[in-house]
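I set out to record what I looked up in this structure, entry by entry.

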Amino acid sequence: MTRRGVTRNGMKKRIYLDYNATTPMDPSVREDFIRAFDDYGNGSSMHEEGRIAAKAIHRAREQVAALIHASPEEIIFTSGGSESNNTVFNTMVSPALTRSTHFREAWGGRKTIITTSIEHPCVMESARRLQELGMKVNFLSVDPFGIVDLEEYRKLLSAGISTGNVADKPLLVSIMMANNEIGTIQDIKELARLAHEAGALFHTDAVQAAGKIPVDVRDLDVDYLTISCHKIYGPKGIGALYIKKGKPIEALIRGGHQEGSLRAGTYNGPAIEAFGTAARLAGERLVDYERKTRALRNRLRDGLLAAIPDIRINGHPERVLPNTLDVSFPGAEGEAILLMMDILGISASTGSACASGSLEPSHVLVATGVGPELAHGSIRFSIGMNTTNEEIDYVLNEVPAIIRKLRGFSTVSSKAGSAE
Amino acid sequence: MSDWVYSDVVKDHFMNPRNVLEEDESSWPCDGRGIVGNIKCGDQMLILIRVKDGKIADCRWKTYGCASALASTSILSEAIKGMSLEDAYILKPEDIVAKLGGLPSNKIHCSVLGDKALRAAIDDYLERNKLPSLKGREHTEVICTCLNVTSNDIEEAYKAGDRTWEDLQARTKIGTACGGCKMRTLELLHQLEHLYGE
């Protein structure tokens with residue numbers, strides 16, 4: 001079958017609008033990645049080959065740290081965002097918390113975890129694991145825009161004071177900086193300040209935020225922060241965790257002195273080097289990226305709103321990632337929309353249950369209260385730094401016809417968004 | 001383009017559905033109407049039939065659902081034209097899946113609505129015309145061969161409120177001998193949840 005999409009130099013090209021899922025490698029990252037395969041030495045070895053690898057890793061650590069305004073010694077490399085998040089949660093049930101008098105005094109006996117109902121599954125599942133292990137885990141609700149409920153948050157933070165029971169005091173708060181589906185950005189600085197006032201540790205999953213909006217660990221004053229390389233035009237399988245100096249942390253993967261004994265396993269030199277380059281470029285391009293993707297996002301949003309009746313833009317109207325546009329098309333089902341777009345050369349993602357093979361639509365959309373009909377009919381477009389106006393216009397040309405077609409087949413009238 | 005998610009037949013019926021009613025329902029007067037499924041679970045199917053001499057003379061449908069749900073209704077609509085009501089009544093999801101050239105296992109439940117909507121339409125036709133009901137004639141699958149528990153028994157148990165393997169065991173004794181039918185039963189529960197979903 002012929003490839004559909006925008007013609008570029010006579011070649012049919014697909015229009016990829018799923019950059020929140022993953023990104024292609026930037027050509028210079030790819031170049032560094034491939035070149036680094038020749039630095040085969042084990043970064044832990046003392047000989048020349050080892051020293052060459054270690055030096056490259058050291059430089060990459062500085063570059064990754066610089067992207068989030070951290071010190072290099074506050075960064076550990078992991079296999080990705082999921083591992084970084086798991087490492088933080090695992091720490092909360094580890095001996096790390098009792099290792100010093102200071103730690104024991106600060107967090108001993110605390111058994112309450114606060115997170116949100118819109119986190120990535122790796123945080124949700126890690127939190128549920130702690131629940132199984134006897135912790136009290138609270139999943140904060142969000143408003144229709146995806147912003148966490150501050151009143152509920154304050155109440156949970158102060159629960160230990162009203163009950164007088166130390167177990168009710170918060171040990172860890174974990175709130176994602178920007179949501180992967182709807183793009184809503186939380187006020188992490190304020191949320192972290194409130195957590196610290198209550199004596200809790202604060203973690204944020206910044207996998208979707210880093211490289212898209214400014215992330216400054218000093219300004220935010222968080223204790224832990226997660227980032228991933230493949231969301232910022234680097235290879236998959238490499239991520240990092242920022243751990244503020246002096247905060248408790250326990251190795252999830254044991255048995256080696258790498259990463260200050262906080263993450264065992266031979267250094268993945270090429271991936272780490274590529275991460276360094278990707279982080280450097282993301283930092284350099286940040287202002288440009290924000291300006292460019294926001295203009296494309298608005299073009300797509302305005303075009304869809306003008307061309308298709310009865311649609312809904314999900315997420316916060318302003319506090320939103322510049323590249324993320326989540327849209328519900330009532331009367332049309334998300335998997336069907338996604339696959340028709342795919343046939344026409346457009347790649348995006350959906351919160352529909354059918355696409356995941358489960359019965360539940362996107363937990364994020366459900367948490368914002370949009371209702372299952374709108375959640376099943378949702379499509380997330382996530383724009384990249386090289387997306388063009390021409391590509392957005394192609395999407396605006398094709399998608400209205402897809403929605404018209406599917407709504408025509410549907411038992412659901414688009415207005416009501418419910419049966420008949 | 002590399003291999004698509006579904007078979008070529010699914011793709012063809014998805015992109016060019018047959019007998020779909022794109023206009024309002026009232027534009028196609030029918031002899032029998034059946035609607036099943038639930039928007040909350042992501043799909044719903046409506047089948048309209050016209051009957052002549054005990055056979056399905058023509059049909060139209062509407063579906064809210066994913067690609068495999070749309071394709072399975074489309075292929076069903078082709079298959080039933082000219083079929084006697086009795087034969088149409090015993091169609092089962094497996095027949096539709098086979099015509100589609102197979103579906104991934106996690107999408108089978110998207111094909112179970114079509115035959116149910118069709119039976120509902122036939123029931124409606126028979127009731128409207130005060131003709132003898134065909135209820136009970138539909139295909140049933142023996143799920144638990146040790147204790148002879150059928151898919152119908154499980155559906156009835158579901159309607160009565162059973163939601164888990166343990167609920168079903170308490171009511172029907174299913175799988176209390178060898179237990180080999182547990183996986184198939186859980187699949188069925190999944191389908192029923194899809195169909196009746198609260």
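I looked up B:Arg50 and found that its bridge partner in S3(B) is B:Asp58. Strands here are DSSP runs of type E of at least two residues, helices are H or I runs of at least four, and both are numbered from the N terminus. I noted that S2(B) and S3(B) pair in the antiparallel sense over 9 bridges, where pairing requires that DSSP finds at least two bridges between two strands. I then traced the open sheet of 3 strands, which has the order S1-S2-S3 in chain B with antiparallel pairing. Its edge strands are S1 and S3 of chain B, each pairing on one side only. From one strand to the next, the twist averages 15 degrees. I found H5(B) packed on this sheet, touching S1 and S2 of chain B, with its direction at about 145 degrees to that of S1(B). For such angles, axes are lines fitted to C-alpha atoms (for helices over the stretch in contact), and the values run from 0 to 180 degrees between N-to-C directions.

I recorded the conventions next. The model is predicted, so I kept in mind that local features need pLDDT of at least 70 and side-chain atom pairs pLDDT 80 or more, whereas totals for chains, interfaces and linings use all residues. Residues are numbered from 1 along each chain as its sequence is written, and chains are lettered from A and ligands numbered from 1 in the order in which they are written.

I turned to helix H6 (residues 150-157) of chain A, whose buried residues are A:Tyr153, A:Leu156 and A:Leu157. A residue is buried if 20 or more other C-beta atoms, placed from the backbone, lie within 10 Å of its own, exposed if 12 or fewer do, and partly exposed in between. Seen down the axis of H6(A), the buried residues fall within an arc of 100 degrees, so they line one face of the helix; the arc is that of the directions from the helix axis to the C-beta atoms. On the other side of H6(A), A:Glu151 and A:Lys155 are exposed. Among the elements covering the buried residues of H6(A) I listed strand S5 (112-116), helix H7 (159-163) and helix H8 (188-197) of chain A.

I checked the domains, whose bounds come from an automatic or database domain assignment. Chain A has domain 1 (6-25 + 286-409) and domain 2 (27-281). Their centres, taken over C-alpha atoms, are separated by 29 Å. The contact takes 27 residues from domain 1 of chain A and 30 residues from domain 2 of chain A; two residues are in contact if their C-beta atoms, placed from the backbone, lie within 7 Å. Chain B has domain 1 (8-128) and domain 2 (142-196), and their C-alpha centres lie 25 Å apart.

Which strand of chain B gives the most to the side that touches chain A? I first noted that 29 residues of chain B are in contact with 23 residues of chain A. S2(B) gives the most to that side of chain B, with 4 residues. By class, the side of chain B that touches chain A has 16 nonpolar, 7 polar and 6 charged residues. Ala, Val, Leu, Ile, Met, Phe, Trp, Tyr, Cys and Pro count as nonpolar, Asp, Glu, Lys and Arg as charged, and the others, Gly among them, as polar.
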